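Please open the model in a viewer and keep the selection tool at hand.

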Amino acid sequence: MLEIKELTVTVEGKTILKGFSLIVLPGEIHAIMGPNGAGKSTLAKVLAGHPFYEVVKGSIKLNGIEILELDPEERAKLGLFMSFQYPLEIRGISNFEFLKHSYSAIHNVKICEEEMREIIHPILEKMKIKESFLERDLNDGFSGGEKKRNEILQMLVLNPKCAVLDETDSGLDIDALRIVGEGVNHFMSKDKMIILITHYQRLLNHIRPHFVHVMVDGRIVESGGPELALQLEERGYEACSKSE
Ligand SMILES: Nc1ncnc2c1ncn2[C@@H]1O[C@H](COP(=O)(O)OP(=O)(O)OP(=O)(O)O)[C@@H](O)[C@H]1O
Ligand SMILES: [Mg+2]
């Protein structure tokens, strides 16, 4: 399970996360919604181990192991995967090389090119990504929607225990949204955990979360089931911030 307790995080002297707590059990999908600037991406980056953020209080345990002191690669080896709101473009390393390197590092195995292609192929088909994308530099020149689909491809190839998806739906056309939804549903099983950061309830038509949380000003102010996302669409976040 993923256990985030009383997480307080500052960046350049400004407190962004203010005692954020959340428990995600295996088999659960938790959606996090909330206004711009609430700290959702900061939470994702702190989970990934971004060095820029200072954790001043709290803990993050993955299956009982405190991960705050671990570097991003060690966290990935424990089964944590992150899909970023703005995926990085990396020139000089192909999408395929990136997947192969990450796969062997995370699973601590040597894998040859042929075996890696065998793993990737069915997933390419599922995600409706052309084979030629494997040979292109990582995310370089990919359209916004292509980057997001590529992130889900990475998730399916690397097969982590816990995935944090930051606005994976932003910029997706209607078909891509469905494909991403199917990819995430295919990944999900009784021992996986997902934190889904999103602004729109439309993604939740494809991926049904067990819980929806509203994050305002660095902490969760309201939690509920999938119906909460629909209510928020009607009433906005105003009432949530006032209920603090
Ligand atoms: N490196 C930084 N330096 C200064 N302020 C930062 C930095 N990173 C984040 N912040 C601030 O932290 C706050 C939270 O940002 P964050 O990106 O986590 O919000 P968010 O909830 O993901 O918003 P959005 O819905 O727009 O993606 C914002 O006010 C942002 O300006
Ligand atoms: Mg964000």
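Begin by selecting E113 and R117, which are four residues apart in helix α4 (residues 113-126) and therefore separated by about one helical turn. Helices here are DSSP runs of H or I of at least four residues, strands are runs of E of at least two, and both are numbered from the N terminus. Before going further, note that this is a predicted model, in which local features need pLDDT of at least 70 and side-chain atom pairs count only at pLDDT 80 or more, while totals for chains, interfaces and linings use all residues. Residues are numbered from 1 along each chain as its sequence is written, chains are lettered from A and ligands numbered from 1 in the order in which they are written, and side-chain values use heavy atoms, with hydrogens and water left out.

**The salt bridges**

Display the side chains of E113 and R117: they meet in a salt bridge, with N and O 3.0 Å apart. The term denotes a side-chain nitrogen of Lys or Arg within 4 Å of a carboxyl oxygen of Asp or Glu. R117 is buried at 19% relative accessible area, whereas E113 is partly exposed at 44%. Buried stands for under 20% relative accessible area, exposed for over 50%, and partly exposed for values in between (1.4 Å probe, protein chains only).

R117 lies in helix α4 and E135 in the loop between α4 and β8 (137-138), so the pair ties together parts that are 18 residues apart in sequence. Through shared partners, E113, R117 and E135 are joined into one network.

The structure has nine salt bridges by this rule. Select another of them, K18 with D217, whose closest N and O atoms are 2.8 Å apart. Because K18 lies in strand β2 and D217 in the loop between β11 (211-216) and β12 (219-224), this pair ties together parts that are 199 residues apart in sequence. K18 is partly exposed, at 27%, and D217 is also partly exposed, at 37%.

**The ligand**

Next, select ligand 1. Which residues come nearest to ligand 1? Of the 17 residues around it, they are I16, G37, K40, T42 and H199; a residue counts as near if one of its heavy atoms lies within 4 Å. Now show the backbone of A38, G39 and S41. Oxygen atoms of ligand 1 lie 3.1 Å from a backbone N or O atom of A38, 3.0 Å from a polar backbone atom of G39 and 2.9 Å from a polar backbone atom of S41. Taken alone, ligand 1 exposes 640 Å², of which the protein buries 69%; accessible areas come from the Shrake-Rupley method with a 1.4 Å probe, and for residues only the protein chains shown count as cover.

**The aromatic pairs**

Two aromatic pairs are present. Rings of Phe, Tyr and Trp (its six-membered ring) pair if their centres lie within 6.5 Å; planes under 30 degrees apart count as stacked, over 60 as edge-to-face and the rest as tilted. Select F52 and Y53: their ring centres are 6.0 Å apart and their planes stand at 80°, so the pair is edge-to-face. Then select F133 and F142, whose centres are 5.0 Å apart with planes at 70°, so this pair is edge-to-face. Both F133 and F142 are buried.

Conventions
A polar contact is a pair of N or O atoms within 3.5 Å; within protein, one must be able to donate a hydrogen and the other to accept it, and residues adjacent in sequence count only if both atoms are side-chain atoms.
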